[in-house]
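User: I would like to go through some labels assigned to this structure and see what each one rests on. Please set each value against its cut-off.

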Amino acid sequence: MTKTLNNKAWLFVLPVFGIVAFSAILPLMTVVNYSVQDTFGNNQFFWNGVGWFQDLLDPSTQLGERFFDALWRTLLFSAIILMIEVPLGIAVALAMPREGWGVAFCLVLMALPLLIPWNVVGTIWQVFARSDIGLLGWAVNRLGIDYNYTGDPLDAWVTIIIMDVWHWTSLVALLCYAGLKSIPDAYFQAARIDGASRWAVFRTIQLPKMRRVLLIAVLLRFMDSFMIYTEPFVLTGGGPGNATTFLSIDLVKLALGQFDLGKAAAMSLVYNLIIIAICWVFYTIMTNADAQRGRVQE
Amino acid sequence: MARITLDHLAHAYRPDPKGPQDYALKEINHVWDQGGAYALLGPSGCGKTTLLNIISGLVHPTRGRILFDDRDVTDQPTEQRNIAQVFQFPVVYDTMTVRENLAFPLKNRRVPREATHQRVEEIARLLDLTSVLDRKANNLTADMKQKISLGRGLVRPDVAAILFDEPLTVIDPHLKWQLRSTLKEIHRALDITMIYVTHDQTEALTFADKVVVMHDGAVVQTGTPDELFERPAHTFVGHFIGSPGMNILPCRVEGATAFIDNERIALKGAYPALPAGERIELGIRPEFVQLQPKGSGLPVRIRRIDDIGRARIARVEMGGRALAASVPEDISIEGDEASLAFDARYVHIYADGHLVPGEEPGGNAQ
């Protein structure tokens with residue numbers, strides 16, 4: 001089929017180009033501009049070529065070491081988050097009622113954490129987990145466990161992970177619940193007739209029908225956790241030491257704390273590329289899976 | 001393999017049923033004999049599927065008992081009832097191949113691998129699925145998927161009964177015939193009780209040895225296709241079965257004669273036991289009403305004549321009421337004035353919808 005080309009269409013797209021240029025392309029170009037220069041303040045810039053990128057990707061330099069430390073930390077965090085929130089979200093979705101008054105109740109309850117602003121979530125947990133005045137921190141210490149998230153790196157990690165699980169598991173659960181609700185009753189009836197066990201029903205009906213929403217859930221949770229900033233910034237500020245300094249926090253430290261605009265710009269570009277690359281991988285997996293399912297219709 | 005007895009069974013979806021209007025299924029007593037081919041026929045929403053789901057155990061009845069032979073299974077879950085059911089829309093397990101789908105009910109019941117393999121091959125051959133056995137089930141057409149669902153219902157050799165809930169709705173018409181005869185063959189070969197729910201009278205009458213007609217949550221007649229045709233026990237059966245359906249006319253009965261307005265119709269016997277105060281109607285199938293030239297019979301006006309393939313049906317009007325009558329092949333009628341001849345043997349009298357047995361001329365109640 002040949003498509004009709006009408007060049008007037010470009011005219012209608014122009015406003016969007018204008019807005020995107022101002023909101024995204026120009027700032028991005030500024031960052032690109034910074035990333036190839038060095039500055040010592042006074043608005044004086046010196047050409048540095050790809051120097052910052054070389055440093056950044058070489059773990060033996062100071063900048064590279066710092067970058068890779070933060071990168072591994074962030075990847076580890078995302079991996080832990082996915083490993084906890086995805087199975088937990090599925091379990092919660094399976095446990096939610098399919099009909100009756102409980103549905104609305106559960107939905108509202110699940111949506112509550114999602115409605116709280118991120119810095120408020122950080123503040124809530126910052127107070128909640130304090131060992132002197134926070135209910136959680138105080139109670140844990142009274143149980144005889146030495147717990148102090150401001151001093152102990154492991155405690156800090158555990159606190160951030162629990163906070164994120166509290167904040168975001170609902171999203172996975174709600175997505176899975178939507179997937180589960182779309183399964184017609186006949187499938188469950190047929191499974192009972194066929195004598196399928198609870199596990200077989202999950203394996204052969206529920207999980208396959210949740211595949212698409214699960215991919216979306218994994219994608220969203222990966223992206224969000226990989227870019228997490230506000231909550232750990234409020235809760236731990238990246239500490240103790242650098243224990244919870246994720247890429248985003250490190251980037252802000254570098255750019256606004258030390259005002260190393262060149263290094264920070266290079267780092268943010270690489271960070272951006274990593275995210276785009278992972279997005280692309282997910283997108284490819286999803287569209288390929290769809291293509292395979294749609295194939296061979298006869 | 002079992003005889004299935006429904007004992008005072010009734011079901012309401014509301015938790016606190018009061019009157020009969022709250023019951024989706026009104027009280028029913030029925031015995032499904034081992035090895036029978038039954039059709040459960042009725043319009044949408046008359047309680048057929050509810051009844052089926054109660055037999056399979058997906059729905060627990062509000063009242064009454066279900067017996068498999070002499071075993072009370074009312075409180076047993078579906079899995080323990082040893083019953084197979086095929087649903088209206090195809091249900092396949094997407095991640096499995098066709099073979100795995102067919103083997104699934106057997107695998108769950110720990111049937112040995114060798115026996116499973118043989119049985120799956122056999123069912124696949126019967127349903128013409130052999131060529132796709134190793135394909136993934138989710139890429140197939142709706143026809144194929146429904147065949148897989150049918151196959152899963154048929155694959156267990158030892159079930160008490162197989163229930164079909166309008167299984168051919170999604171199937172192409174030409175394939176419908178073929179599958180229905182396949183089911184019939186399987187029924188003969190396996191000697192399994194089959195209950196086939198449908199709202200399509202052709203399907204019911206061709207599949208079943210015995211048809212159970214339901215209307216508004218109640219069974220109105222159980223009988224062979226011939227019985228349903230010749231002696232409908234209820235005016236509903238009369239107009240639901242047959243195309244066109246039975247002519248139903250309000251009338252008045254005196255002795256062995258019925259009066260429609262002032263026209264006299266001879267009956268096969270007298271009706272001394274007609275309940276007073278109830279709505280009395282006369283029913284006769286168009287097949288037993290013949291159109292003839294004006295003069296001898298009941299005067300009517302012809303509206304139109306339909307050619308329905310095997311026969312011609314005249315749509316006529318008598319005193320403002322529409323009737324259908326068959327048109328004999330050798331007849332020629334001028335104008336739109338004609339008359340009707342009723343075959344007295346097939347004229348039935350109904351009181352409030354229910355058939356009233358008449359007295360034979362010899363004096364015996366029929």
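User: Where do Arg221(A) and Asp224(A) lie, and how many residues apart are they?

Analyst: In this predicted model, both belong to helix H9 of chain A, three residues apart, about one turn of the helix.

User: What makes Arg221(A) and Asp224(A) a salt bridge?

Analyst: Their closest N and O atoms are 3.6 Å apart. The cut-off is 4 Å between a side-chain nitrogen of Lys or Arg and a carboxyl oxygen of Asp or Glu, so a pair of this kind at that distance qualifies. Arg221(A) and Asp224(A) also take part in a network of salt bridges with Glu85(A) and Asp164(A).

User: Why is Arg221(A) called buried, and what is Asp224(A) called?

Analyst: Arg221(A) has 0% relative accessibility; buried means under 20%, so the label applies. Asp224(A) has a relative accessible area of 27%, which falls between 20% and 50%, so Asp224(A) is partly exposed.

User: How do you know that Arg152(B) and Asp194(A) form a salt bridge?

Analyst: The N to O distance between their side chains is 2.8 Å, and the limit is 4 Å. The pair crosses between chains: Arg152(B) is in helix H5 (residues 142-154) of chain B, and Asp194(A) is in the loop between H8 and H9 of chain A. Arg152(B) counts as buried because its relative accessibility, 4%, is under 20%. Asp194(A) is also at 4%, so Asp194(A) counts as buried by the cut-off of 20%.

User: How many salt bridges are there between chain A and chain B?

Analyst: The count is three. One of the pairs between these chains is Asp94(B) with Lys209(A), whose closest N and O atoms are 3.2 Å apart. Over all chains, the search finds 31 salt bridges.

User: What else describes the interface of chain A with chain B?

Analyst: There, 21 residues of chain A are in contact with 28 residues of chain B. The buried area is about 2100 Å², with 51% given by carbon and sulfur atoms. Eight residue pairs are in polar contact. On the side of chain A that touches chain B, the elements giving two or more residues are helix H8 (185-193), helix H9 (198-226) and helix H12 (261-294). H8(A) gives the largest share, seven residues. By class, that side has 10 nonpolar, five polar and six charged residues.

User: What makes Pro61(B) buried, and which residues does Pro61(B) touch?

Analyst: The relative accessible area of Pro61(B) is 4%, under 20%, and therefore Pro61(B) is buried. Pro61(B) sits in the loop between helix H1 (48-56) and strand S4 (63-68) of chain B. Not counting residues up to four places away in sequence, Pro61(B) touches Leu9(B), Ala10(B), His11(B), Ile54(B), Ile66(B) and Thr74(B).

User: Is Ser248(A) buried or exposed?

Analyst: Ser248(A) is buried, because its relative accessible area of 9% is under 20%. Ser248(A) lies in helix H11 (residues 247-257) of chain A.

Definitions and conventions
Residues numbered from 1 in each chain as written. Chains lettered and ligands numbered in written order. Predicted model: local features only at pLDDT ≥ 70, side-chain atom pairs only at ≥ 80, totals over all residues. Heavy atoms only, no water. Helix = DSSP H or I, 4+ residues; strand = E, 2+ residues; numbered from the N terminus. Buried < 20%, exposed > 50% of the residue type's maximum accessible area, 1.4 Å probe, protein only. Contact = heavy atoms within 4.5 Å. Buried area = accessible area lost by both parts, 1.4 Å probe. Polar contact = N/O pair within 3.5 Å; in protein donor to acceptor, adjacent residues only side chain to side chain. Nonpolar A, V, L, I, M, F, W, Y, C, P; charged D, E, K, R; others polar.
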